[in-house]
Each structure stands twice: as structure tokens, then as C-alpha cells.
Amino acid sequence: MTDWNHGMDPTQQPSLDDGMQSPYEPELGTLPSSGNDEETVNKTGTTTIGIATDDGVIVATDRRASLGGRFVSNKNVQKVEQIHPTAALTLVGSVGGAQSFIRSLRAEVNLYEVRRGGNISIPALATLAGNFARGGPFFAINPILGGVDEDGSHVFSIDPAGGVMKDDYTVTGSGLTVAYGTLESQYEDDLSMEEARTVAADAVSAAAERDTGSGNGLVIAEVDQEGVEIDTYEYDDLL
Amino acid sequence: MQIMQGNSQQQAYDRGITIFSPDGRLYQVEYAREAVKRGTASVGVRTTDGVVLAADTRVRSPLLERSSVEKLHKIDDHVGIASAGHVADARQLIDFARRDAQVNQLRYDEPIDVESLTKDITDQIQQYTQTGGARPFGVALIVGGIQNGEPRLFETDPSGTPYEWQALAVGGNREDLLSYFEDEYREDLDLDGGIDLALSALAEVGDKEVTPEGVALGTIDVETEQYRQHTDEEIETYLEDVDTEGEEE
């Protein structure tokens, strides 16, 4: 007998979708259920820094991944990724959770742009990222979002419970207390992009000296109206 | 059997909406457009400093409470919708639009674009032209609001196609109202000019006098970005500038 219904119940009507997106889930794919935060999971440990200037945003990170905080599992990790034509996000916490978080946000940014004919604003992207992180399904991610839109430069930190906080400069990761020491003494509100890059490098370098989860050099994203440029450095290149 | 009137070949194609006729038509969708024409008119005018929505709300009996006739609807602070056709069908889409606007606010912490809202509504309408057992919406909507500081004005029809307009009408007398707008609309109209144009269009094509009790008027201006429904007293003031006599006199 020919299967006209492709295996579906012929008495069942196709269901009408109410078309309403959940505000707390990515449109494509699902959020991971919160799970094993064990010693086998690669973590970034990490020091990541975002500094907003008048001309753009500097996002700086170290390059170390670690297991259980005692073993350096990778010495050349890129912990800042472009997720929007003019925004970058850092990976902080579990590497797998942060990578999947970045892929989900990129898909959302692309869908928003093709449907509406314009890029999502950075505060809207921060809200979306906070909604996805809410409840901590990406166990212990704590990224920084740095971006530029028509309203200027923005830096947001996003915590594992979905908290979204805007600031002029911010640090997340295991080296944050050390890095803040450098920033509090060197940050000024009229830094140029180049000056901000040096301040950020100095702060990551200080954290690398004392925090076992941070080290092995720098990756820096420079974000301005033109786009995102990501480069790898040794501390001596910038200090 | 009187039921089998008309072209028997056509009969087979106007039962299920998921079936094209041999000449490529969806009869149920076309019948839904006829249902819209049976409703009283609603109009929308886009001006330099805001959007005007107006509707003919004359009631058939003096016993009917006017407030129970729903033609203009606030969707979000910055968006309003005027409807024509089946009120019950319109209510479903109005509630969809209200929830959709709040979902955007929850998701992005930003007010929804008027264009995105319109396209979400038309995507919803379209599903009812392609799903077995469903009936298309017998309603057309005028979606007006402010997006990035600019007035925007859209139409949805029963097929689920979105259109953007400078000035438009849906419902009864649509063709007459459109040709009136084609003659009288100017791109440099301000909000007051748009209100006068909307009210005079309803007065021009109607066969009875337009009174404050017989129209509903809503505006969203670029300065406040707030939807506002006007009172009878305000409408009366506007009507003083307009020739309110119907064609029949």
C-alpha cells in the first residue's frame, strides 16, 4: 500500500504553531542541562578584561586552559571570539559550555540580521546572552561581551546565573582580583585604544604572575565601528 | 439539493484551503478577502511626525454599548492596530501581536520593530492557508507604529502577505478610500494633517454623516512614541476642520 502520509497518523491534523519564541532559549538547538563540573572538564581558569574607550573596545585574555586548576592542559587557547560584526565575547569557565554558548549566540545574531536587515544592538545581545545563561545551564561560564554599535562602545559582564552588568571596564576569571589591582591604578576614562591595549596587557600579565589558572601570553580583540581584529601577543610585545 | 450550486468543478477546490484550483487559486483565501470587505472600513495614514489610525465604528442599534465595538487596539506603547473584518478572528491576531511584542522585550530588552511585528503576524496568518482543517483569518489589519524614530505603516491580508503603505484602507469601500488617498495624500503631511485626511476620507465615502460617536481615532507620534486613543471631545474638534457630510445629501 502506498504510504501517502509518510508514516504519519492520517487522522491527525498538522498542528498549528503559535509562532512564539521562548525568550530564554536559542531559536536553534537547545541549552545543555547543567551537569558535571568535574576535574575532567577543561576550564579556562582565565583572566579576561574588557575596556571601553571612545573609539572602541579592547577585549584581552590569557591563553591557558587547565584541568582541575592543577594541570595546564593547553598553552595556546583563543579565549576571545567574534560573535557579531562589531562585538567579541570571551570564554570563561568550562571550555565546552563557553564554545556552545558562542555558537548559539552567533546563530541568533545571524538570524536577527537577515530577518530585520540590521545588526542587533550590543545591549540587546547582552540581554539575550543573559537570558541563555540564566539558571546556569552552561555551568560556570562568566564571559565578557565587548562591542560597538550606533550608540557607541559597550562592555558587559555576564554571570552564570544570567546577571548582566554594564561597565566602562571589567574583569572575569580566576585572575580577576589581581588584574583589577592593575586596572584600578591605570584605567582612565579618556584612554586611547592603544593605551587601553597596554593597560589590559599589563593587567593580564600581572594575573599570570600570581594566578595558576592564567598565563602563556595574550590574545587581544580590538573592536571598533569597522569590525573585530583578533591578534596573539607575548607580554613583551606590548609592555 | 440546493447546496451543489455553481460550477461543479470549482466546488471540489473551494472546500479544502490546502488545495489549489487548476488555475492556481486558493478559493478559501479569496473568500476570506470577501469577508474582510463586508466589515466597516479602517484607515491608516503615515505622516512626517506620526501615524494615524482611524475606523468607522457606527453601531447598528442605539442600545449597543459603543465601547464593546473593538476596531482600534493598542499592541505595545509604540504600536497600534486597526482591524476590519471578523472581529473574533481579529482578536486572536491582536493577542498574538501583544504577546509577540512582549516576547521581543523579554528576549532583547528592546521594543519590537513594527516591520518585524507585522511579519510575525503575517507568518501566523499564512499557516492558516496551508494547514489542513484550518480556516483562514477573515480579517485585514493596519499595523502602525514608530520604529527607530520613524513612522511605519503596514497591512496584513488573509493570505499572510505583508505590505507597507503611505496611506491605506481595509474593509468596506476600500477601493473608494484608496482612490481618495491617491488624490489627496501628500508626503509632507504633519500629524494633524494626517488626522484630517483620515477623517475626511471616512466622511467622503460613507453614506451617512461622520460624528465623533461613529469613528475611533488613534495616533502614535514620533516625539512620545506612545499610542494614544483620542476622546470624543478631541475628535469633535478635529471634525470641525472636515466636511463631515456623507455623499448622500
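I began with burial: a residue is buried if 20 or more other C-beta atoms lie within 10 Å of its own, exposed if 12 or fewer, and partly exposed in between, with C-beta atoms placed from the backbone. The model is predicted, and I kept to its limits: local features need pLDDT of at least 70, side-chain atom pairs count only at pLDDT 80 or more, and totals for chains, interfaces and linings use all residues. Residues are numbered from 1 along each chain as its sequence is written, while chains are lettered from A and ligands numbered from 1 in the order in which they are written.

**Entry: two loop residues of chain A**

I looked up Asn216(A), whose phi is near 70°, a positive value in a residue other than glycine. Asn216(A) has 15 C-beta neighbours inside 10 Å and therefore counts as partly exposed. Its loop runs between α4 (193–210) and β12 (218–224) of chain A, where helices (H or I, at least four residues) and strands (E, at least two) are DSSP runs numbered from the N terminus. I then turned to Thr46(A), in the loop between β1 (42–43) and β2 (48–52) of chain A; its phi is near 90°, again positive in a residue other than glycine. Thr46(A) counts as buried because 32 C-beta neighbours lie inside 10 Å.

**Entry: the sheet of chain A**

I traced an open sheet of five strands in the order β6-β7-β8-β9-β10 of chain A, with antiparallel pairing; two strands pair if DSSP finds at least two bridges between them. The edge strands, each pairing on one side only, are β6 (80–84) and β10 (164–167) of chain A. From one strand to the next the twist averages 25°, with axes being lines fitted to C-alpha atoms, for helices over the stretch in contact, and angles running from 0 to 180 degrees between N-to-C directions. Strand β9 (residues 152–158) of chain A pairs with β10(A) in the antiparallel sense over four bridges, and I noted that Ile158(A) has Val164(A), in β10(A), as its bridge partner.

Helix α1 (residues 95–116) of chain A packs on the sheet, touching β6 and β7 (87–90) of chain A, and its direction makes about 25° with that of β6(A). Helix α2 (residues 122–133) of chain A also packs there, touching β6, β7, β8 (144–149), β9 and β10 of chain A, and its direction makes about 10° with that of β9(A).

**Entry: contacts between the chains**

I found 16 residues of chain A in contact with 18 residues of chain B, contact being C-beta atoms, placed from the backbone, within 7 Å. On the side of chain A that touches chain B, α1 and α2 of chain A each supply at least two residues, and the largest share, five residues, comes from α2(A).

Leaving aside neighbours within four places in sequence, I listed the contacts of Ala54(B), among them Val43(B), Leu199(B) and Val215(B).

Terms used
Contact = placed C-beta atoms within 7 Å.
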